[in-house]
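Subject: Handing over the structure

Dear colleague,

Please find below the structure that I am passing on to you.

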Amino acid sequence: MKKPTTLSLAKLLLANPWGFIVPVMTGVVSSVAGVALLGVSGWFISAAGLATALGTALAFNYLTPGAIVRGLAILRTAGRYGEQVTAHNHLLGLLRTLRLWVWDQRVAKPIADLHQQSRGDLLQRLVSDLDQIIRWPLVVFLPWLYALLGYIGVSIFAYFIDPVLLWPLTIAALCHLVILPYVCGRFASHAVHVGQILGVHRRSRFVSLFSALITLTIRGHWQDYAARLEQLDCRQKRMEWQIQQAISLGRLLGYLVTIGLFASLFFLLGDLQADTFQTSAFQNDSMNWQLKEHVSGTWLVGLVLALLAVNELVLPLVQSFVAQGQSQVGLRRLNQIQQDAPSVSAPALGKLNRLSLQDWRGYHLESGLGNQPIHLELSAGDTLWLRGASGTGKSTLLASIAGDCLATGKAYVNQEECKIYDNPNFQAQLSYLPQSPYVFQQSIAANLMLGKADASDTEMWAVLEAVALADWAKGLENGLSTLLSSQGRDLSGGQRKRLALARLLLRRAPLLLLDEPFDGLDKATIERICQALEHDYQPDMLILVSHIDSPLSGKAKVIELPN
Amino acid sequence: MAGSKAVSNASKSKRIKTPEAGFLAELALQQSTQYRLAQGFGVLFAIALVLQAWAFANVFSDMVLQQAFSLSFLFLALFALLLRALANFGRERVCASASRHIRYGLRHKLIKHLTQLGPARLRIEEDAALSTRVYEQVDALDDYFSRYKPQVFMVTLIPSVILLAVVPVSWIAFLIFMLTAPLVIVFMIFVGHKAAQANRRQFNVLAMLSNQFMDLSQGLAELKRLGRTQAARDRLSHSAKAYQKTTMSVLLLAFLSTATLELFASLSIAMIALYLGLGLLEILPWQVGSAPVTLTQAMFLLLLAPEFYLPLRQLGNDYHAKQKAEAAATDLMSILDTPLSAQKALATTESHMPSSVQLAYLSFYELAWQDTGRQRLAPITGNILQGERVWLSGESGVGKSSLLHLLLGFEENYQGQLYIKGKAFSTLNLRDWRNKLAWLPQTPEWVNGSIRRNLLLGITEPSESNIQKALQDSQCADFIAALPNGLDTALTELGSGLSGGQMQRLSIARALLSKADVWLLDEPCSGLDTDTANAVLNTLETVSRGKTLLIVSHDTHPIHWADKHWSLNKEGLDENKGGLDEKANYAIPR
């Protein structure tokens with residue numbers, strides 16, 4: 001193993017070996033019983049026919065084979081049922097494991113990169129990749145295993161008829177189980193790969209074009225852009241055709257191998273006999289094939305029937321191996337988000353009572369835009385008001401102080417130098433309200449409890465009162481347990497912000513960072529919030545970015561950001 | 001054939017025409033020739049099946065009884081197997097291509113429809129979610145069109161052909177098939193109905209789990225700051241575990257339908273084998289001493305028995321394809337069902353044309369818009385002269401944006417009259433009209449690509465000095481010069497750290513470059529703080545002199561320099577000369 005957390009298909013199989021053994025065993029029982037059912041029935045009927053023809057019918061023991069046939073029928077059913085149920089159980093377990101894996105990787109990711117990855121469509125892709133991958137053991141591995149066992153069972157049977165049969169069987173098994181799936185998988189894998197890339201490309205072009213739809217339409221150039229979208233679609237269609245081609249051809253070749261196998265079986269077990277002997281079935285035939293002495297016709301019938309059953313097990317393999325290509329692409333993409341475990345945890349910090357920043361400049365990684373370097377001193381009881389014209393990097397600076405954004409310069413926490421970017425120990429001491437905070441698709445109470453896990457109802461109502469949301473919440477039918485819609489879409493921008501603020505106030509962290517908290521609020525609400533910030537919920541230190549005056553600004557130190 | 005009828009009845013009763021099923025059936029109809037071809041291959045397949053069984057039966061019985069068999073039968077059997085393979089090959093390819101054509105045709109139609117919907121598409125969903133519908137959801141129809149749909153035919157065909165072939169051979173075997181087939185179907189419907197419900201519930205819960213994962217992941221940055229990632233992880237783990245536990249009881253039932261089929265298939269193969277074996281031994285209780293079938297016939301029946309149930313079993317496996325397709329169809333239909341603006345209902349009556357229309361650039365007369373019973377815009381009357389700049393305000397939902405969408409030409413089933421330079425809007429060449437427009441919405445429209453590409457979106461490339469001048473005028477030049485790659489910096493969808501104000505300035509530069517003389521602005525400042533908004537508005541004031549301009553803006557961002565202020569309400573339009581009327585003066589920021 002290279003890295004302990006890299007995903008691979010083999011690891012998927014071993015993720016929960018005990019959970020996997022039950023579906024495998026039941027599936028094996030079911031498949032082998034299915035093959036044997038046909039084989040034994042064939043043998044039984046031909047033996048019965050032979051016994052009658054020889055006049056030994058009365059001595060023929062029909063009870064045992066009869067019981068075996070019925071037993072196999074029941075085994076096959078029970079096995080199939082058991083396999084489906086247990087396999088599904090296993091699959092759900094796997095889904096859970098994988099989701100948690102993705103979660104861990106994303107948690108380990110530096111926070112500045114996280115924003116890119118949090119976009120809806122990227123996440124959507126991750127989710128569908130997961131769904132694709134967990135199906136691998138069931139769609140690819142198990143059918144292959146059943147087919148292999150089917151072939152082994154038939155080979156043992158064939159060995160007792162005539163050991164020479166092992167040759168064609170081995171060759172056919174190799175073709176069916178290894179060569180054809182591999183070749184078709186290889187042939188299609190390019191198309192699968194290109195198809196997936198095209199899919200991603202096509203989607204981003206779609207979103208990009210539609211977000212500029214009106215401009216493009218009124219400029220009269222939409223057609224050109226739409227045609228390019230269409231072009232991608234056509235290429236995708238061609239890839240799909242290639243994949244389909246590989247599957248269909250593979251299946252046809254599979255049939256041909258089976259036909260060849262039958263032909264060689266009969267060839268090995270008999271000789272041409274030109275002489276004519278008359279039966280009711282064929283009269284004027286000159287070409288007859290005489291079975292060798294030691295070969296029992298009844299057994300051979302059983303073998304051929306069993307092989308027909310194995311053929312049914314083998315045919316879907318080509319398709320599943322093409323599907324494997326998709327799992328692998330998904331796996332590769334998932335491994336891209338794989339993160340090494342965070343190297344060293346930063347040293348623990350005492351309670352924050354002094355923060356000093358020297359030559360501090362927060363900046364965005366992609367554009368390098370940010371604020372001009374500044375000095376900043378803050379100790380318990382201070383309120384700081386950051387002001388500046390648009391584009392001076394107020395928000396970037398605040399995010400960098402929150403450890404959310406990259407920065408240059410030196411930071412001293414309680415007079416000790418300290419790295420604050422993505423440092424959980426530092427972040428534990430602060431609450432940061434970004435410009436567009438995230439509201440979870442959970443109940444109001446659950447959203448608030450993210451700030452304080454054991455908050456009581458009284459505490460929650462009090463904090464809602466403090467941000468002037470209590471009246472709104474009281475008006476809701478389910479009160480605190482009202483479920484909010486995805487990303488808080490049923491809330492107004494101001495409500496979203498205040499709810500997030502309430503969550504932060506419950507945390508009572510020493511340092512509170514607020515980015516434009518009063519945007520879109522009326523005067524009364526602003527006063528109410530400021531009241532709370534100055535009394536019941538007063539933080540030790542407060543840094544405020546705001547373009548409007550508020551009751552807080554009276555006692556605040558002002559830092560005007562240079563352009 | 002009663003059996004086959006039962007089968008077709010079953011498939012018919014399943015096809016109670018829900019709108020989704022109707023939608024899917026209509027799509028399938030587009031490829032009816034292909035599907036007919038596939039049916040032809042299916043018939044060939046069924047015939048090969050019977051032929052193969054017959055030839056192998058002869059080979060087997062001669063082999064058993066005489067230790068020898070005729071080569072011609074062997075060749076026939078192998079040929080039939082080959083024929084079967086080829087028929088299957090053809091069928092697969094035809095069905096896959098039918099499915100491809102249906103899906104890509106549908107996608108084309110969807111994109112076209114969305115394009116024509118213009119801004120109205122956002123009433124259905126946001127763009128990212130729409131892209132999921134257009135791509136993933138359309139592809140979710142694949143299994144239905146390439147497997148389920150043709151399989152429904154095979155389910156009728158193969159059992160009927162086998163029954164036909166069995167009749168002349170053995171009545172008892174025929175009866176076993178006949179009795180089990182309806183039983184299988186009855187049980188399928190009985191259990192399948194419950195299973196379908198269970199399946200749907202499971203589908204919903206799974207979707208809920210994905211949703212929870214998505215939600216927590218999107219808010220991960222927030223959780224990290226709050227130090228609550230472990231709690232969220234526990235939550236994910238816990239709900240997945242709980243779901244796994246409760247779902248097992250549901251699954252036990254859901255798979256019962258498959259199990260029933262398997263049981264019937266297995267048992268009737270066993271039953272036929274036993275019947276044939278005992279019959280051959282001449283010890284059937286009711287027929288001691290004589291064999292009902294010859295060995296050849298017995299072999300023939302045995303070979304056909306598993307094939308009889310196989311198509312039904314496959315259909316059972318593909319049943320989820322149908323559910324998946326119907327779920328997707330719901331989403332796709334909601335796009336296609338969003339009506340396009342109907343082509344102008346009636347020719348406008350010219351009699352009401354007031355004289356002022358001749359003078360005005362834009363002129364509305366009793367212009368209203370009612371859409372599916374909802375009033376989107378109350379009747380308004382007013383004129384905008386060439387070079388006049390009008391501020392339009394009003395509460396949200398009163399129809400400000402709708403008026404702009406009308407002017408953009410995305411909505412045509414309005415009531416009342418709309419004149420451009422004295423010509424009825426409906427008689428205009430839409431292309432020429434749109435060429436005169438510049439559009440600045442709340443969030444500027446950007447495509448993936450460099451700033452330059454976005455500035456020149458859809459216009460013929462102007463000279464470099466023109467670009468520089470536009471950038472100077474819109475006050476973009478400074479911050480663009482500060483970017484490491486200047487104009488060639490990529491503007492990703494998330495923005496490259498440009499602020500909202502800077503983005504708006506870029507879209508002003510774009511409007512300048514387009515040389516449009518009518519500017520339509522939909523709350524260009526609503527996402528900006530007051531200082532930035534004022535700065536942007538000041539820029540707008542200087543660059544838009546001489547342009548005809550209609551700007552929608554809330555009272556919180558008054559347009560002091562406008563020549564006219566229209567305030568729109570549920571009754572209509574109030575006009576005030578000059579931008580600075582009383583209303584704007586006492587407007588408090590909300």
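What follows goes through the interface of the chains and then through the sheets.

This is a predicted model, in which local features need pLDDT of at least 70 and side-chain atom pairs count only at pLDDT 80 or more, whereas totals for chains, interfaces and linings use all residues. Residues are numbered from 1 along each chain as its sequence is written, chains are lettered from A and ligands numbered from 1 in the order in which they are written, and side-chain values use heavy atoms, with hydrogens and water left out.

The interface

Chain A brings 148 residues to the contact and chain B brings 149 residues, contact meaning heavy atoms within 4.5 Å. About 13400 Å² is buried between chain A and chain B, with 64% of that area coming from carbon and sulfur atoms; buried area is the accessible area (1.4 Å probe) that two parts lose on being put together, summed over both.

Over all chains the structure holds 30 salt bridges, each being a side-chain nitrogen of Lys or Arg within 4 Å of a carboxyl oxygen of Asp or Glu. Glu240(A) and Arg103(B) form one of these, at 2.6 Å from N to O, and this pair crosses between chains, from helix α9 (residues 222–269) of chain A to helix α4 (residues 71–117) of chain B. Helices (H or I, at least four residues) and strands (E, at least two) are DSSP runs, numbered from the N terminus. Nine salt bridges are found across the interface of chain A and chain B, and Arg203(A) is joined in a salt bridge to Glu136(B), with the closest N and O atoms 3.0 Å apart. On the side of chain A that touches chain B, helix α3 (residues 63–108) of chain A gives the most, with 24 residues.

A sheet with strands from both chains

An open sheet of three strands has the order β1(A)-β2(A)-β1(B), with antiparallel pairing; two strands pair if DSSP finds at least two bridges between them. Its edge strands are β1 (270–273) of chain A and β1 of chain B, each of which pairs on one side only. Strand β2 (residues 288–291) of chain A and strand β1 (residues 68–70) of chain B are joined by three bridges, and Gln290(A) is the residue opposite Ala68(B).

Sheet and hairpin within the chains

In chain A, four strands form an open sheet in the order β4-β3-β6-β7, again with antiparallel pairing, and the edge strands are β4 (374–379) and β7 (416–417). Strand β6 (residues 407–413) of chain A is joined to β7(A) by two bridges, with Glu416(A) as the bridge partner of Val413(A). Helix α12 (residues 394–401) of chain A lies across β3 (354–362), β4 and β6 of chain A and runs at about 130° to β3(A); axes are lines fitted to C-alpha atoms, for helices over the stretch in contact, and angles run from 0 to 180 degrees between N-to-C directions.

In chain B, strand β5 (residues 415–420) and strand β6 (residues 423–424) pair in the antiparallel sense over two bridges, with Ile420(B) opposite Lys423(B). β5(B) and β6(B) form a hairpin with two residues between them, and Lys421(B) in the turn has a positive phi of about 50°.

With best regards
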